[in-house]
Amino acid sequence: MKGEIKYIEASSAEEVKSMLNPLVGEWFFNRFKEFSLTQLYGVKQIHDRRNILISAPTGGTKTLTAFLGIINYLVELALKNELEDKTYAVYVSPLKALSGDVFVNLITPLKEIKELADTKGKKIQEIRVGLRTGDTEASERAKQAKKISHIFVTTPESLAIVLTTEKFVGSLNALEFIIVDEIHATTNKRGVYLSLTLERLCNYSLIEPVRIGLSATISPLEEIARFLVGNERDCLIANVKLMKKIEIGLDFPGESILEAENIENQRKLYQLLDELIQYHKTTLIFTNTRAATERIIHYLDMHFPKKYVGLIGAHHSSMSKEKRFEIEDKLRKGELKVVVSSTSLELGIDIGSIDLVIMLRSPKGVARALQRIGRAGHQLHANPKGKFIVLDRDDLVECSVLMKNMKEGKIERADIPKNALDVLAQQIYGMAISRIWDVDEMLDVIRKSYCYETLTKEDFLDVVSYLAGEYALEHRNVYAKIWYDEKEKKIGKRGMLARVIYMTNVGTIPEEGFVNVVVQSGGDNGQTVGKIDESFLERMKRGDIFVLGGAKYQFLFSRGMKAYVRSGVTKNPTIPSWFSEMLPLSFEVTLDIGRIRKIIKEKLKQKELCVDFIMGYFYCEKHIAEEIYDYFLEQEKFSEVPHESLLIVEKFKEEKEYLLFHSLYGRRVNDALARAFGFAAARLRHRDVEMGINDNGFFIGGEELNENKIIGAVSSKNVEEILKEAIEKTEILQRRFRHCAARSLMILRKYKGREKSVGKQHMHSGFLLSAVRKISNEFPILREARREVFEDLMDIKNAKRVLEWIEQGKIKVKKIRTPIVSPFGLNLMLQGRSDLIKMEDRASFLKRMHELHMKVIGEKEGKR
């Protein structure tokens, strides 16, 4: 039976105050003037042992809300000398940095409460807090096993390891509270994994623990609540609306967006950044890639020599933990004027001194934009303040829509993967290591997870069969990991090394090819300063200079998975630092853009009225509205403005023929559509088909393309079968199969103290894929790799919806022949060549294309 999900109102301050122990109450009001609204919503409910999802803006004291009732309970026990040697509360965060932050922020109040008790002559037991992440040293882990923590702070992977560790698991058999922080960051396979880990945790515990979920920006809350508590439990939702006014602006460098990327305006970009940085205490700049992070730091340094020495820092996931921690610590102390981050500082690390967030280029979603801007105004009553800075016309329109949705609180849906078979395999193995299970009991526990509610017994037994070695893959070094007694319906672990294999291969984050960068000369010899991609290393030659963590290094040589460098280099970098995939634009935002395109198109004939409408609709300034108007007018006059009910397919010729589909549905949907139409084109004897995709559309290039046959070849009924065939022999399926094979422990990344390199993993997975296909094309892990490509990488569900809308006549497809690519298609055609074009060349190319567009428009109008 499904549990009840219910929204609640806040308790009164008197109610919350009356439940606090006098000692905790005194400590609290020494530190804070009053309860925050979030605390009025959550503290009493947690004290009353109710499952709760707390959604509040960033900086809304969610973490203290979650812990206040728990600290109060533990202090009461400690004062009575009744604190047992067991773990009372587990706090799980997807970010190691966030776990470390919470650990620090827990130690302080507990120390202050103890000092307060001492001054009053009250004896109080020590309340112990333990931290375990992938960065925790082995000696510290050994101490934790001897001295049990009352509050255990950890990450999803470390929690799973703990559940198979006999010394630890005993301390969790009467667990009373589970806190899942930043829950919106776990709507992926890591979250699926965590949801099963929580079910295992609850199965171990004699008490049903209270589940507390904390999230800043997420939708829909009812679904996230089910994700938090599973299928059979009740959950309260506290949707805390802290009347925080978002101060958000939008701008570009220079007089015209068309010239934003030329040399002069690039200088103006850094002058604009410098002005904003100087006007604020601490500025956080978000880029979408590590490459851009390093570039911004380099150019700020170049344009303002010595101005930012010691006051600027980079933060991204490929930097060493020491460097990341150093930056976070300096941020807390207010020692930095500016920090540039890719995405790694999006989550709720407490960095209170930040008072401005700059987003360079589009963050691709409302939830992400809100999360980023929430880093500013982290103090309780401060307003989040941010600015979008864009460099092209598409980003200008996109960020205008994001800005509107942020102000109006319209957040896109979070998609949580369902029935992931690779994650299931790893968790079944973990469960079997812990004890012998009855098959039906195991399936029952798994189905309590929201992510596996609809798991069929057939799929479950398929995974069990694979783990039990029934697919005969021993010749490919895939051995049985569990035993399964079909008659007795029992499952257990196989082999003496089961626990070690599990603990050293746990987790869902796929291993990519990264190489450690080690300083060989120039100071800090032997220190690892970060990581670079293997593909980047291949392009590097001796003497090359690159930027990492805001510092310059000269490449000397490489050995194995290590690149040795010289530090303290003063010369300019010789090669760009990073390559990283761009984030996809959310489907809901694309529909919003399609909607407004239609409205603006209808108003184009009256410029003044249209510009006024754009200003009011987007809450933007006049020069922004005029740029958007000019962009739309240019497209309408050159070709036609595509919108929510009109899909334009342009045909034009360069060195070959191109069909450009203006399908504004986001990169994930366009990936599916492009592969399907591209495969259809290839089947129509166009063997060498070129393809390109972005959020705004996709193109197909080839010799003499028959657009009618190509468009007619794909429908909502056959698109999945076409895609299944299209991806079967591609690099993407092989790569995803490798990821799934590692998650499901077909490929062991670590075994008997030896680590398998990503290169060797990839080679092994290629052999495995061939072997698996010979046995069954429906092998569970191969099916999961396909599901991951279709549903997580692409968005086949919404691709089908688009095709259905076309078939139902909701979207009209119009084919237009153009002399060259239209203004709306320019970024898409240009992106494939971006590696060959320098920034200044790109700017002059865009200017030349604009002149060509205006010439064609002039000729058209001259003929009328």
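The following legends describe close-up views of a predicted model.

Residues are numbered from 1 along each chain as its sequence is written, and side-chain values use heavy atoms, with hydrogens and water left out. As the model is predicted, local features need pLDDT of at least 70 and side-chain atom pairs count only at pLDDT 80 or more, while totals for chains, interfaces and linings use all residues.

View 1. Helices (H or I, at least four residues) and strands (E, at least two) are DSSP runs, numbered from the N terminus. In a regular strand the side chains alternate between the two faces of the sheet. Strand E3 spans residues 89-92, with Ala89 and Tyr91 on one side and Val90 and Val92 on the other, and all four are buried. Here, buried means under 20% relative accessible area, exposed means over 50%, and partly exposed lies in between (1.4 Å probe, protein chains only). Two strands pair if DSSP finds at least two bridges between them. Strand E3 pairs in the parallel sense with strand E5 (residues 151-154) over four bridges, and Ile151 of E5 is the bridge partner of Ala89. Strand E3 also pairs in the parallel sense with strand E6 (residues 177-180), again over four bridges. In E6, Ile179 stands opposite Tyr91.

**View 2. The ring of Tyr73 and its partners.** Rings of Phe, Tyr and Trp (its six-membered ring) pair if their centres lie within 6.5 Å; planes under 30 degrees apart count as stacked, over 60 as edge-to-face and the rest as tilted. A search of the whole structure finds 27 aromatic pairs. One of them joins Tyr73 and Phe177 edge-to-face, with 6.0 Å centre to centre and 65° between the planes. Tyr73 belongs to helix H4 (residues 62-79) and Phe177 to strand E6, so this pair links parts of the chain that are 104 residues apart. Tyr73 is partly exposed, with a relative accessible area of 22%, whereas Phe177 is buried, with a relative accessible area of 2%. The charged end of Arg49 sits over the ring of Tyr73, 4.7 Å from its centre. A charge sits over a ring if NZ of Lys or CZ of Arg is within 6 Å of the ring centre and within 35 degrees of the ring normal.

**View 3. Helix H3 and the residue Arg49.** Helix H3 covers residues 37-47, and eight of its 11 residues are buried. Among them are Leu40, Tyr41, Val43 and Ile46. Helix H3 is followed by Arg49, whose phi is positive, near 65°.

**View 4. An aromatic cluster, and a charge over another ring.** Trp27, Phe28, Phe29, Phe32 and Phe35 are joined into a cluster by ring pairs. Elsewhere, the charged end of Lys404 sits over the ring of Tyr617, 3.9 Å from its centre.

**View 5. Two salt bridges between separate elements.** A salt bridge is a side-chain nitrogen of Lys or Arg within 4 Å of a carboxyl oxygen of Asp or Glu. A search of the whole structure finds 53 salt bridges. In one of these, the side chains of Glu636 and Lys601 meet at 3.8 Å, N to O. Glu636 lies in helix H23 (residues 622-638) and Lys601 in helix H21 (residues 587-603), 35 residues apart. Glu636 is partly exposed at 26% relative accessibility, while Lys601 is buried at 18%. In another, the side chains of Lys651 and Glu707 meet at 2.8 Å, N to O. Because Lys651 lies in strand E23 (residues 646-653) and Glu707 in helix H25 (residues 707-712), the pair ties together parts that are 56 residues apart in sequence. Lys651 is buried, with a relative accessible area of 8%, and Glu707 also counts as buried, at 17%.

**View 6. A network of salt bridges.** Lys189, Asp422, Arg736, Arg743, Glu784, Arg787, Glu788, Glu791 and Asp792 are linked in this network. Within the group, the side chains of Arg787 and Asp792 meet in a salt bridge at 2.8 Å, N to O. Arg787 counts as buried at 10% relative accessibility, whereas Asp792 is partly exposed at 26%.
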